[in-house]
Structures are given as structure tokens and as C-alpha cells.
Amino acid sequence: MAGLTVPERRAEIVRLRAEHTGTGVRFQGASPDDVVRGVEAVVPRFLRSSLSQLRFYVIDLGGTRTRVTLERGHHLRARPSCDVLIERGMSFGGLTPSEHRIASLVAAGNTNAQTALQCACTPRTVEKHLSNILGKLGLPSRAALASLVAARSGWVHPVCLDGGAGSFLEELAVLGPETAPADGDGLRLAAAESQERVFRIGALIEGVVPRKHDVRAMMMGQDYAVERLSGSATVPATCRVQLTRALTSPERREDDLRALLATGIDALIIGNTSTRGLSSLFDLVTEDGLPTVHSMVNESLARYVDFRSRRSSVFQMCSDESVYVRAFTEFIDEHMNVASLRRGGGVALVVRHDDLGLSTRDSLVQSLRERHGIDPLVITYDDGAEEWATVALELHQAGAQVVYLGIYIEQALVSLLRHFRTLGYDPLKYCVWAPGIPGFIDRNAELAEGLVWTTLVGNSNNYLGRQFEAGFRERYAEEPGIGSAAVHYDMVNLLVEAWRANGFSGDAEGLNRRVSELVFHGVTGTYHFDQGRRKTLCYPYDTDDPTIGQPFLSFRIRRGRHVLLAG
């Protein structure tokens, strides 16, 4: 009930008398400027009612709240009259003016749709406000909110700006202070008796040295999300988010995941990891339908995000690598001399030798042949077994002018770039993901200069993205990078939002349904899972609607900065 302890402040108090003349209301004891708009419409109804006292709030266009108290007068006058107390600059339970208005409408029995209509917003906006309201006041339900608003006389005049009174007085007569619970707070006992609900999120992170900077960013993004959620409006005082993390290795992944599942987690985050053996990892989490999120672009994982498959508890928080293929061919169209590429060494592709890499290779080769008549050189590599000196020499000897580097691990990419420099070989280097890892430019200044790179998930240049970056810098005194920290911050928040929408229940079936239904606005854009597979959409490649997709981002590193090319 923390919201109830917020002190109300009085900026100005005006006392006056209202007299019903038969044709209108006349106020005595104050100038016209002292009278709050809308009060004159309520006074006649109050005087005709059986109430001895009536209290409500008025919110003006500037958001200033005024509490109005009408008290039936005992005056020797022929005309009905009442005393009016006007208190400007008031607050209510720490709620913002918008939240206060919505709380009043919901407490009066309005649905989200009805409330949205009166507030000129969407039902989803009302739902978000309501979550904040319940969190601030430490309340478990709408019914509890109704009891509290009645007990504290927190009603907001619903037509305070147009001069009408509507059914306002009738609602107050039924729900107002004379019928409020005897307990001043009305809910203290219920709150005390409620048990804390804990949402247990597990995180499996492969903490190998080649990924150390990426791993650190993922963990910091998760920790920052849990820290921000603690005590926020999203998570009520009676609920708590708990993160249990297992740092693992390719050899121990399956055992560590089993141990993590045994702790009773309600949902799981899987960090970027080697593609080897991923199928057995996902088989484990889908046996019990555990809601699981990841942001790996591996197309070989498509069967785990298929709605029609029994493996319907895995959600991919990004599109897949086919988007990189389409973006690369468009880049060739827009920025390169195609005729020159056909005559010279042309284009080379460096991709992983696994299901993902081979699928990307085939797509790229087909696209380049059909659109440009270019037959690219293809080199595949294995995670952990790369001979980058050999790869660099082969590319140099072929004279490739443009090289697509499908290398996701910073250490591997940097090793190849160093061999390029040793050979004096300087093609246009088109990379994915790795340059967005925090500190990449600082660690690899000269090697990084001129790189073109792209990502499916990265900090969007929107309000949430800027807010996240500023908060992250303040908390950790360092930059969050472009992708890893942001998407893992979003993963935690999306899972918690699904938990909240599921009534703060960890029921797996309900959580999976809530995740699949969400349109969640995060730091990296909007997460909306399409109707064919449980992966999000990328704008503009999977959808032409930017409001339901994550923007595809492309950058060029110039003078030690990531310069946005598209997104």
C-alpha cells in the first residue's frame, strides 16, 4: 500500500458558499476565478440528494488537480446552499493526473474499452495505465481499486471540462464515502494476507572467452531489467522477479540446462551460443512447454518456432538470417557497380559450415546469380576450428571486391581482419552483428574503420531506446553497445509483461499464450510474433508496417563512430 503513504500537498485553499437560485448557482465569498469549472453543475444535484457531504477531484487541462468538498450547510436561508472547500494542487496516492482519472473511471465499473472511449485513448493504453496504478497503490485487482477510491473519496469529475454532470452524482451516491468500508484504507488486511508471488526467470549463457564482451553485455542487460522492474509499477509490491543464471560451455550446456530447469523456473532465456547441438537443447525446454526466448537467427531453428509444431513454447526475438541475405543483395544494388563486380573478382561469401551457414550460402548465391549475374566465391568455416590466415589468403588471391562476412563472434572477425591488413588486402567488408558488441570500435579502432555492418536487433532511435541508453550509462558508466544488452533487457521485460497479463501466474500454457498475443514495444523496436511462426517481424523485410516490426539497422563505421545508413 505504498501509494497511500504519499502526502497530499495543498498549494491553495479557498472556502466559499454555493447557493442554488433556481435558475443557476451563485457563489459567495470568492471571485469567479476561484470557482472550479464543473462545480456549478454538481451543486444542484448534490442539494437534491440525501448526501450530507460529497468530495471529488477536478483535473484541468494543465493537469492541476483540485479537490472539491461540498458540505450541506445549516444556514437560515430560503434557498438551498452548501459550503464549498476548494483545495488546489492536490495529489492522490502518488498517481499522475492521467492515472488518477483512469483509476476513477475503472473504479466506477467501466471496462477498459469504455474507459478508453472517455479518455480518447486505446484499451491497451488503459491496460498499461491500470497496471501502473495497481503497482503504485500495491493493490491486487480492479475490485480492490474500487474499494480504495471509494474509501478515500478519490473520484475524478468525469465531465469537469464541459460543464455537464452526467450520472456523476448518482455514481457517488452509490459508491461514495457514506458507503465506504469502515477501515480507512479498506484493503490493509487483504494486502497483508496476500502472499508474495515470484516469477523465476532462468538464463543459460555460454560464457566462453571468444564471446566474453557479448556475454557481459547480455548479462548486464538482464540485470539492468530486473533492477528497473524492482519496485516499478509493472511489478506490484506483492510480486517479485527473480533471475537465476547459469554460465555454461558447449560441453556442459545440456547438463547445466537440466540443473536450471530443476530449480523450478517459470521461463527461460537462452543467450547467443554455438549452433552445434542446439536441437537437443530446445528439445529439453519444449518437453514441458516452458516459455523460452532467444535472439539467434539460425534458420535451422525454424521448426522450434512453428505454431503447428508441438514445439510451440520457443519464441525467437528477431527475424532470421534470410533478412541479411535480402539486405545484402539490396546493398549491392544501391551502392556497388554491378558491371565492375561481374568483370573483376566480384563478391565473396564467408559463412558458417552448418545448417544456418549453408542455408544462407544457398540463398545468397541464388539471389546474386538471379539479380546480378554474379557467381560468388563461397568459403565456409567451422566454429572453433577456423584457419583465418588461409581464408584471408584465398579471398585476397581471388581479388574479391566485396566480402560478406557472416561471422558473429568478435574474436573470429577481428582475427580475419588482422590477416587482411597483413596482406594489404582492403575489400569492402560487409559484416553482421559483431561490430555492435560494446566497445568493439575502442578495442579495434583501425581494423573497425570503414566496416559496413547490419543487425536485426539493435537499439532503436526511439524514446525507449534513448531512455535505455541513458539509464544504462548512468548505472554502469559505460556504453551498452548496439544489440546484446538491449535485446536481453527486452527479453526480461517481455516475459514479465506476459506474466503480468497472465494475472501474475506462472502457468506455462497461459504464459505461452500471452507471449504469442503480445505487441510489445521494446528498446529494439516492436516485438510481434507472426501468425505462421513464433518469431518476430523485421521492418521492412517481413512487414511493411513499422508499428509491428523491429527495424533492420545498417551502419558504417566512420571516424570511430557507428553512422546509421538505414533503420
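This is a predicted model: local features need pLDDT of at least 70, side-chain atom pairs count only at pLDDT 80 or more; totals for chains, interfaces and linings use all residues.

Student: By what is a pair of aromatic rings described?

Tutor: Such a pair is described by the distance of the centres and the angle of the planes. A search of the whole structure finds 21 aromatic pairs. In one of them, the ring centres of Y224 and F472 are 6.1 Å apart and the planes stand at 85 degrees, so this pair is edge-to-face, the class for angles over 60.

Student: Which parts does the pair of Y224 and F472 tie together?

Tutor: Y224 belongs to helix α8 (residues 212–229) and F472 to helix α18 (residues 463–476), so the pair ties together parts 248 residues apart in sequence. Y224 and F472 are both buried. These two residues also belong to one aromatic cluster with F468, Y476 and Y489.

Student: Let us turn to the sheet. In what order do the five strands of the open sheet stand?

Tutor: The order is β2-β1-β5-β4-β3, with antiparallel pairing. Strands β2 (25–28) and β3 (53–59) each have a single partner strand, so one side of each is left without a neighbour in the sheet. From one strand to the next, the twist averages 25 degrees.

Student: Over how many bridges do β4 and β5 pair?

Tutor: Strand β4 (residues 65–72) and strand β5 (residues 81–88) pair over seven bridges. R67 stands opposite E87 in β5. Helix α1 (residues 39–48) lies across β1, β2, β3, β4 and β5, at about 25 degrees to β4.

Technical notes. Residues are numbered from 1 along each chain as its sequence is written. Side-chain values use heavy atoms; hydrogens and water are left out. Rings of Phe, Tyr and Trp (its six-membered ring) pair if their centres lie within 6.5 Å; planes under 30 degrees apart count as stacked, over 60 as edge-to-face and the rest as tilted. Helices (H or I, at least four residues) and strands (E, at least two) are DSSP runs, numbered from the N terminus. Buried means under 20% relative accessible area, exposed over 50%, partly exposed in between (1.4 Å probe, protein chains only). Two strands pair if DSSP finds at least two bridges between them. Axes are lines fitted to C-alpha atoms, for helices over the stretch in contact, and angles run from 0 to 180 degrees between N-to-C directions. Contact means heavy atoms within 4.5 Å.
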